[in-house]
Amino acid sequence: MQYRPLGRTGWNVSTVSFGAWAIGGTWGEVDDKDSMAALHRALDLGVNFFDTADVYGDGRSERLLARLRKERSEPFYVATKAGRRLSPHVAAGFTRANLTAFVERSLTNLQTEAIDLLQLHCPPTEVFYMPEVFGVLDDLVKAGKLRHYGVSVEKVEEALKAIEYSGVQSVQIIYNLFRQRPAELLFEQTQKRGVGILARLPLSSGLLSGKMSAQSTFAEDDHRGFNREGAAFDKGETFSGLDFAVGLQAVEAMRPLVPAGMSMAQMALRWIQMHPAVTCSIPGGKNPAQVSDNVAAADMPLLSRATMQALADVYEQYAKPLVHQRW
């Protein structure tokens, strides 16, 4: 496993870490026994950073991570998120009372006295122009409820505004082979300010595993079936906002580019790690085998210049016209 600094926290975190959305919900059926085995395997392989949210299974994945802390002695970091519990999910709801209540609920779920890293969970754009919201987070740090805070965003614009606040330690954003815009300007700015980047949906909802086809079907509670047009939340969270059929075409164009000894998923994760501004990717894993495959990417060889260029060409042809300016 390789490790990189996360913002100005003083932490060094695993370059391939663990995203706990899938073990919480909206990814089809999941078994807590398998989820715990996946979490244990991640620790066994050197993962020391786990990303979750209070709405993943209504706190289910937070509670699983609390179990992991009880069952293991080695230290690790847990990042969670707050804000998506608001209904309606509007900027006016990001009040001191609401944010404090969300934090207290996560503290209970995680069975801890302080949250390692709290992230605003893809709030409306207006929130990033409300300094008082970040003042509340500063006060929660001073009160010992949070060790650090950051943001999870949908758009590059939101990230660029967020890093103007001095307390922001990290930006979580979709960055993968189908969503490359963050590397244009954002990464340069986060490096200058010492802000970490958490690359979420690194495998584009599983598209970049190379295991899907036009015949793939999804469970009723799997967002890959019901959110392709943004019916439940931002469209960009499902298959990176890319049309599923176009995504499959892009995957086929990438298949010949996978280096010997790598899976397509490992190539996709290694590609993310090639950018020095990225602290880590946070792929999900429902079972130990998925975790093992993902984590192996951290120690694989650099991708060649020719491979990087060929992957850029695939992005230009298939994904860029559909997603680049939207997010």
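F18 touches I23, A38, L39, A42, V47, F49, F50, D51, I282, P283, G285 and V291, residues up to four places away in sequence being left out of the list; contact here means heavy atoms within 4.5 Å. The structure is a predicted model, in which local features need pLDDT of at least 70 and side-chain atom pairs count only at pLDDT 80 or more, while totals for chains, interfaces and linings use all residues. Residues are numbered from 1 along each chain as its sequence is written, and side-chain values use heavy atoms, with hydrogens and water left out.

F18 also belongs, with F50 and F134, to the residues that have the most contacts inside the largest nonpolar core, a core of 91 residues. Helix α9 gives the most to this core, with seven residues. Apart from it lies another core, of nine residues, including W11, F49, A79 and L198. A nonpolar core is a set of buried Ala, Val, Leu, Ile, Met, Phe, Trp, Tyr and Cys residues joined through side-chain atoms within 4.5 Å. Buried means under 20% relative accessible area, exposed over 50%, and partly exposed in between, with a 1.4 Å probe and protein chains only. In soluble globular proteins, nonpolar side chains tend to be buried together.

The strands are considered next. Eight of them form an open sheet in the order β3-β4-β5-β6-β7-β8-β9-β10, with parallel pairing. Because β3 and β10 (280-281) stand at the edges, each with a single partner strand, one side of each is left without a neighbour in the sheet. Strands (E, at least two residues) and helices (H or I, at least four) are DSSP runs, numbered from the N terminus, and two strands pair if DSSP finds at least two bridges between them. Two bridges hold β3 and β4 in the parallel sense, and G19 stands opposite D51 in β4.

Strand β5 (residues 77-82) is mostly covered, five of its six residues being buried. Three bridges join β5 to β4 (residues 49-51) in parallel, with D51 opposite A79 in β5. From β4 the chain crosses through helix α2 (residues 60-71) to β5, in a right-handed β-α-β crossover. A crossover is right-handed if, with the strands pointing away from the viewer, the path from the first strand over the helix to the second runs clockwise. Parallel pairing also links β5 to β6 (residues 115-121), through four bridges, and K81 stands opposite Q119 in β6. A right-handed β-α-β unit is made by β5, helix α3 (residues 96-110) and β6.

In α10 (residues 288-296), V291, N294 and V295 are buried. Seen down the axis of α10, these buried residues fall within an arc of 95°, so they line one face of the helix; the arc is that of the directions from the helix axis to the C-beta atoms. An α-helix has 3.6 residues a turn, so residues three or four places apart point the same way. The buried residues of α10 pack against β3 (18-19), α1 (32-44) and α9 (264-273). At the start of α10, a side-chain oxygen of N287 comes to within 3.2 Å of the backbone nitrogen of A289.

In α8 (residues 244-254), the buried residues are F244, V246, G247, L248, A250, V251 and M254, and they pack against α9 and α11 (305-323). At the start of α8, a side-chain oxygen of D243 lies within 3.1 Å of the backbone nitrogen of A245.

Several loop residues complete the description. The peptide bond from S87 to P88 is cis, with omega near 5°, and P88 lies in the loop between β5 and α3. Q111, in the loop between α3 and β6, has a positive phi of about 55° although it is not a glycine; at 52% relative accessibility, Q111 counts as exposed. S205 lies in the loop between β9 (196-200) and α7 (223-226). The phi of S205, which is not a glycine, is positive at about 60°, and S205 counts as buried at 2% relative accessibility.

E237 is placed in the loop between α7 and α8 and is buried, with a relative accessible area of 6%. A polar contact of 2.5 Å joins the side chains of E237 and R200. Such a contact is a pair of N or O atoms within 3.5 Å; within protein, one must be able to donate a hydrogen and the other to accept it, and residues adjacent in sequence count only if both atoms are side-chain atoms. Residues up to four places away in sequence aside, E237 touches W21, C122, E154, I174, R200, L201, S205 and H223.
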